[in-house]
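Open the model in your viewer and keep the selection panel at hand. The tour starts at the ligand and ends with the whole chain.

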Amino acid sequence: MEKTFLMVKPDGVQRELIGEILTRFEKKGFQLVGAKLMTISNELAEEHYGEHKERPFFGSLVDFITSGPVFAMVWQGENVISTARQMMGSTNPKDAAPATIRGDYGLTVGKNIIHGSDSPESAEREISLFFKEGELVEYSKLINNWIY
Ligand code: RTP
Ligand code: MG
């Protein structure tokens, strides 16, 4: 089953949006297979956002993502990587469609509430950065008979 890494960023946690975000992905039909509330170290932040190292906003991005607790999650389901990105909305909340998470709750690109892996390669990389294998659960029964 396809898996992706999603993370409620420090602004989303402090604005008490964890429950709302969990609910959206649960209701869609995806399954939560891992979750932890944690504070990201500078080292982990620089590794996670390594692709943006040369960008002018890299420093403020690292400062922001380490500024408070985040809620890191792994979700699984059919096409979860691309569908989760659609449910999050455009990177800049001013361009994000209504009914997306960033469209409904965000205003500025620097504080856009949620992160989601953008490809199978980044999903694999990010899941293994944040979770050890034993921290992910498996569902023994197919509980999604009504969804698939
Ligand atoms: P994310 O990685 O956080 O899920 O966001 P994304 O894929 O939609 O966007 P990405 O291009 O990967 O950018 C990572 C984060 O950097 C911040 N950013 N700031 N000031 C700017 O122009 C700018 N551009 C990007 C955003 O917070 C974005 O989520
Ligand atoms: Mg990204």
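Predicted model: local features only at pLDDT ≥ 70, side-chain atom pairs only at ≥ 80, totals over all residues.

**Stop 1: the ligand shell**

Around ligand 1 are Lys9, Tyr49, His52, Phe57, Leu61, Arg85, Thr91, Arg102, Val109, Asn112, His115 and Gly116 (a residue is near if one of its heavy atoms lies within 4 Å). Residues are numbered from 1 along each chain as written, and local features need pLDDT of at least 70, side-chain atom pairs 80 or more. Chains are lettered from A and ligands numbered from 1 in written order, while side-chain values use heavy atoms, without hydrogens or water.

Colour the shell by type. Four residues are nonpolar, five polar and three charged (Gly counts as polar, Tyr as nonpolar).

**Stop 2: the polar contacts**

Show N and O atoms (a polar contact is a pair within 3.5 Å). Lysine 9 places a polar side-chain atom 2.7 Å from an oxygen atom of ligand 1. For the arginine 85 side chain, the distance from an N or O atom to a ligand 1 oxygen is 2.8 Å. For arginine 102 it is 3.2 Å. The protein covers 79% of the 560 Å² of accessible area that ligand 1 has on its own (Shrake-Rupley method, 1.4 Å probe).

**Stop 3: the whole chain**

Switch to cartoon. The protein chain has seven helices and four strands (DSSP runs of at least four and at least two residues, respectively). In sequence order, the pattern is β-α-α-β-α-α-β-α-α-β-α. Zoom out: the C-alpha trace spans about 45 × 35 × 25 Å along its principal axes.

Technical notes: Polar contact = N/O pair within 3.5 Å; in protein donor to acceptor, adjacent residues only side chain to side chain.
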